[in-house]
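Here is a quick walk through a two-part set of coordinates, taken one neighbourhood at a time. Have the viewer open as you read.

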Amino acid sequence: MIRLENVTKTYRGAGASALSEVELQIDRGEFVFLVGSSGSGKSSLLRLMLREEKPDSGDLFVLGENLRTLPQRRVASYRRKLGVVFQDFRLLPNKTVYQNIAFALQVIGKSRAFIETSVPDVLRLVGLEDKSSSFPAALSGGEQQRVAIARSLVNRPELLLADEPTGNLDPDNSKEIMGLLSRINLSGTTIVMATHDRGIVDQMQRRVVEMKGGRIVRDAETASYREVPSGSVEIPEDQS
Amino acid sequence: MNPSFVAREVWEGIRGNFSMVLSIVLVTFVSLSFVSVAALLQIQLGNLKGYWYDKAQIAIYLCNDFESELICPSGAITQTEQIAVTGQLKSSALVPYIDTYYFESQDEAYQRLLDDGGELTAAQYLNPDQLNATYWVSLSDPEKAELVVEAFQSQPGVAAVADQRSYFDPIIGLLNGATLAAGSIATVMLFSAALLTTTTIRLSAFSRRREIGIMRLVGASSASIQLPFILEGLIAALLGGGLAIGLNLFIVENYLTDSLATELAFANFVSATDVFAVAPYVLGLGAILAVLASGISTFRHLRT
């Protein structure tokens, strides 16, 4: 599903590489946490997967596409195959919940009939069928994030990228969102989630990829945020 | 994309950016008005030429006994000289340019002067001998008059050669000058219209950056992201073009067709038909300009 081979990325004007020689494989159906402090490279990694940036070197395969060589004109159709959610929800304040979700389908030319069946379906999935005509300002943070998740799922992506989706939420709402993401993952969608939230990672017991200084320093199955449980592999930190 | 969805997006763009869109409409209106004025002036010029050049003739005035010695050193034209002039008119070098010609004797010239002038005429102070016998030459191609004039100018027995077209030179100069002025203003105005469209569309894109961000994330193509903005610029430009054509029609109908044309019937003024003939080009120019300007401004700012 996702494979990074020796991926390096340096931003212009920045001294150190945002990512250096990253090797990573994520299989279909996995739920992977990307953890690490700010500037560790988690967001850069997500930006590469979204094809907002291209790697300087190395190959990056996502959903069967080599993103380093993917031509500009095919970026849009690539992005239709994945969903993405952010810390700040990114909802349109002048559109209702229904319209926000429908917007994502309208702009890629889906038919009215498709929109009229898909939007209520996905609203039911996130438990917001009774809020479809509310505006975002009238919703709680957790509800807004559920709308954003609904929007990212409405085109039935195989992969969901989540950048700090609980970053703006209180613990109860965070828990609710994680429950929703787990259900989505159970239905077969691969999820890659960058987070700072130690509690969530510890509680979920999923694969954890920890980054530091643009490198992967730990890749552990069913791990906690910081601990190294037995059976996982500690990747030694590069001292250079 | 669904047309009604695009229409709604365009409408929201125009509504949210109304004063800027209005300014595009107005600047395009003014610039395209000048463009179509320039075009109509050229049509007017064409009408004048077409109408009068056909009627304009070349007059080959022959020497009489009253011409100065400088012009006619050997006095009145001799028969041999006149035969030479006629021969020249029939020569293979000139035949392709000459449609018809006829000879007007001194008596006929005198008669015409009497007929034209009524009571107050130079004819009462002149007698036929003082007038020139004349060959009146109609050309098949009025633009080639120079050639014919030159051929007779130094011919012995010819007093002068006059091209009637030259009577129109001042008015043609005036119309060409006015065209140049209107065209220059139009160029400057079109340039500012293009810059204004670019700025306006960029602002419009900025005010909808959330939408654009989401469109990019969910995989809308660049073309479909740009389309509402291009349509926004296009609609504004077409409105401006429509106003320009409306203004032209108003002027032509009220000042030319209804008043001037009845007073100066010979002038063959431009009409509403000419305005409509120019309209597609004016609208097309506005449309191309708007699409290019908004396309370029969004291309630079909205690329995936």
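First, the ground rules. This is a predicted model, in which local features need pLDDT of at least 70, side-chain atom pairs count only at pLDDT 80 or more, and totals for chains, interfaces and linings use all residues. Residues are numbered from 1 along each chain as its sequence is written, while chains are lettered from A and ligands numbered from 1 in the order in which they are written. Helices (H or I, at least four residues) and strands (E, at least two) are DSSP runs, numbered from the N terminus.

**The open sheet of chain A**

Let's start with an open sheet of 4 strands in chain A, ordered β2-β1-β4-β5 with antiparallel pairing; two strands pair if DSSP finds at least two bridges between them. β2 (19-26) and β5 (65-66) of chain A sit at the edges with a single partner strand each, so one side of each has no neighbour in the sheet. Between β4(A) and β5(A), which run antiparallel, there are 2 bridges. A:Phe61 has A:Asn66 in β5(A) as its bridge partner. Helix α1 (residues 42-49) of chain A packs on this sheet, where it touches β1 (2-9), β2 and β4 of chain A, and its direction makes about 115° with that of β1(A). Contact here says that the C-beta atoms of two residues, placed from the backbone, lie within 7 Å.

Is A:Leu60 buried or exposed? A:Leu60 belongs to strand β4 (residues 57-62) of chain A, and it counts as buried because it has 26 C-beta neighbours inside 10 Å. The cut-offs are 20 or more other C-beta atoms within 10 Å for buried, 12 or fewer for exposed, and partly exposed in between, with C-beta atoms placed from the backbone. Not counting residues up to four places away in sequence, A:Leu60 touches A:Leu4, A:Val7, A:Leu48, A:Pro55, A:Leu67 and A:Arg68.

A:Glu21, for its part, is found in strand β2 of chain A. With 16 other C-beta atoms within 10 Å, A:Glu21 is partly exposed. Setting aside neighbours within four places in sequence, A:Glu21 is in contact with A:Asn6 and A:Thr8. From A:Glu21 to A:Ser44 is 23 residues in sequence and 13 Å in space, C-alpha to C-alpha.

**Around helix α3 of chain A**

Now for the helices. Two packed helices are described by the angle between their axes and the distance between the axes. Axes are lines fitted to C-alpha atoms, for helices over the stretch in contact, and angles run from 0 to 180 degrees between N-to-C directions.

| Helix pair | Angle | Axis distance |
|---|---|---|
| α3(A) and α4(A) | about 130° | 10 Å |
| α3(A) and α5(A) | roughly 30° | within 8 Å |

Helix α3 (residues 97-106) and helix α4 (residues 112-125) of chain A pack at an angle of about 130°, which makes α3(A) oblique to α4(A). Angles under 35 degrees count as roughly parallel, over 145 as roughly antiparallel, 65 to 115 as roughly perpendicular and the rest as oblique. α3(A) contributes A:Tyr98, A:Ile101, A:Ala102, A:Leu105 and A:Gln106 to the contact, and α4(A) contributes A:Phe114, A:Ile115, A:Ser118, A:Val119 and A:Val122. By class, that contact has 8 nonpolar, 2 polar and no charged residues. Ala, Val, Leu, Ile, Met, Phe, Trp, Tyr, Cys and Pro count as nonpolar, Asp, Glu, Lys and Arg as charged, and the others, Gly among them, as polar.

Helix α5 (residues 141-153) of chain A crosses α3(A) at roughly 30°, which makes α3(A) roughly parallel to α5(A). Here α3(A) uses A:Val97, A:Asn100, A:Ile101 and A:Ala104, against A:Val147, A:Ala150 and A:Arg151 of α5(A). The residues of this contact divide into 5 nonpolar, 1 polar and 1 charged.

Strand β6 (residues 82-86) of chain A is mostly covered, with 4 of its 5 residues buried. β6(A) is joined by 5 bridges to strand β7 (residues 159-163) of chain A, and the two run parallel. A:Gly83 stands opposite A:Leu160 in β7(A).

Last stop: 16 residues of chain B are in contact with 16 residues of chain A. On the chain B side, α7 and α8 (222-263) each supply at least two residues, and α7(B) gives the most, with 6 residues. That side divides into 7 nonpolar, 7 polar and 2 charged residues. In helix α7 (residues 209-217) of chain B, the buried residues include B:Glu211, B:Ile212 and B:Met215. Just after α7(B), B:Gly219 takes a positive phi of about 90°.
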